[in-house]
Amino acid sequence: MASLSSSLPLDPAPPTAQLDTLVSHLLASKRSLSSIEQVWQANELVTSARKSLETSVVTSARTSFLRHGISSQLLTLDQILLKSREVENEGAKEYSEATRTLDIANQRLKTTLDGLRNTIVEAHLRPNVQDTRTLLDFVDESGVEKLDVTTQESIKAANAAHEEFAETNRTFAKDLERVRKQLTVSQQRTLETVIEGNGDEPQHGSQSDLVIPETLSDMEDRAKDMADNLESLVKHFDLCVTAIKHTEGGGDAARRITDDLPVGMDVGQYSVQAPSEPISDEEKKEMMEVLENDAHQVEDVVMEIRDSFTAMETLHTLVSEQISTLEQEHASIISAFKLLEEIGARLHPFISQSEIFVMRWDSEKSKIDEHMEELENLSSFYDGFLSAYDNLLVEIGRRQFMEQRMEKVVQDAMIKVDKLYEEDLEAREAFKKEQGDFLPVDIWPGLTDSPLRFEISIANNGDRRAPEISKSVIQNAIRRVRGRG
């Protein structure tokens, strides 16, 4: 409102015209006093915002405390999960290595069995048997099949143990992710609200970045300005009443106009019912100048109060939204805390799963190692069988060679014996011719006997001779034996 120092001198007006002007100003001033409703509401908004600030402080403190505690617990649980996954990965690595070694052993045994299956037994070894047989026909495959079944059972049991343990870890990780996601959602809500309120992204997305304190300060300043403006309107109203009361015929008009003032409105020292105090013409003139100047600003002041109230309503809405965000964030933190409690209730069984898995895996690994040893023993035995068959062929070749050498020695010996026999026979005949006429027949009964005849025969004729295996078969067997080292 304008002050006395800014007023301009006015020309005196007729009493009737002056009264009409004062009444018009008083009516306008009376209407302006209805702004008290907005001032009251503004005070209520400030009170509400102040309570919201108190609530936000408590809620933020609780939320921050829970968030810090939950984050700390998550770090601990992450370490537990990490250790559990290390056990899982180590078991998976050992399982993979065991299955790889088993595959190698199985392939070796398969290759050996294929070698037995593809090796046809020489027919000359079994001359009385007509059907063709392989080395595999001399092997009891039921043991191999049984070993394969038990090995597969151990592998399935080990794989099941690993899958169950891995699923336990996955479930635990999902539970932790649910808690972490709940924390992220609450932080995102706060961040979005702060950005909407400030227009800029804060340095830290936490409750401390909320603008409720700044908003409350702004609202308090606006409420004070509104109260100051209302006070100026009241003073203007008082001045109008005083001016009318000092104008001829204005007392009744002032009483009629001021009968129904807004509830709670106090016109202060310039009460309508109080008798007017005498003032000089100079004082009245100055009063009229101030009154006339202020009358032109009443509407602007009312609009200023209204605009301030509208701005306060907007600020209060922002405060309400941020309080709602805080409550939602707190609810999210509570939900995260409850999820954490559920995880805590399952923590001991989860930790026990690592021990259970290790015991199950050690048991199955021991069985797999036993099966591995059996596979290797079978492979070694069947490899030995296949090698022994080749060595058998080589041995038959050796025996054939030795029999041939002995027969050659016998043939050579018989030729020499026969030659000696003929020489002996000729010598005897010559002796008979020369001395036989002189010697009586009965002087020596053996005088006329023929020379002794020697024969070389197989002493153990009941034993079998080396079978007639072709040289090419024997040579191939020799190459295979040498190839094995």
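The largest nonpolar core has 34 residues, and Leu109, Leu113, Leu116, Trp361 and Tyr382 touch the most other members. A nonpolar core here is a set of buried Ala, Val, Leu, Ile, Met, Phe, Trp, Tyr and Cys residues joined through side-chain atoms within 4.5 Å, where buried means under 20% relative accessible area, exposed over 50% and partly exposed in between, with a 1.4 Å probe and protein chains only. This is a predicted model, in which local features need pLDDT of at least 70 and side-chain atom pairs count only at pLDDT 80 or more, while totals for chains, interfaces and linings use all residues. Residues are numbered from 1 along each chain as its sequence is written, and side-chain values use heavy atoms, with hydrogens and water left out.

Which helices build this core? At least two residues come from each of α2 (36-118), α3 (142-198), α8 (347-435) and α9 (471-483); helices are DSSP runs of H or I with at least four residues, numbered from the N terminus. The most comes from α8, with 11 residues.

Let's zoom in on one member. Leaving aside residues up to four places away in sequence, leucine 109 touches Val144, Leu375, Leu378, Ser379 and Tyr382, contact being heavy atoms within 4.5 Å. Another core, of 31 residues, lies apart from the largest one and includes Leu22, Leu45, Leu216 and Met219.

Now follow helix α7 (residues 298-345) to threonine 310. This threonine counts as partly exposed because its relative accessibility is 41%. Threonine 310 and glutamine 38 are 272 residues apart in sequence, yet their C-alpha atoms are 9.3 Å apart in space.
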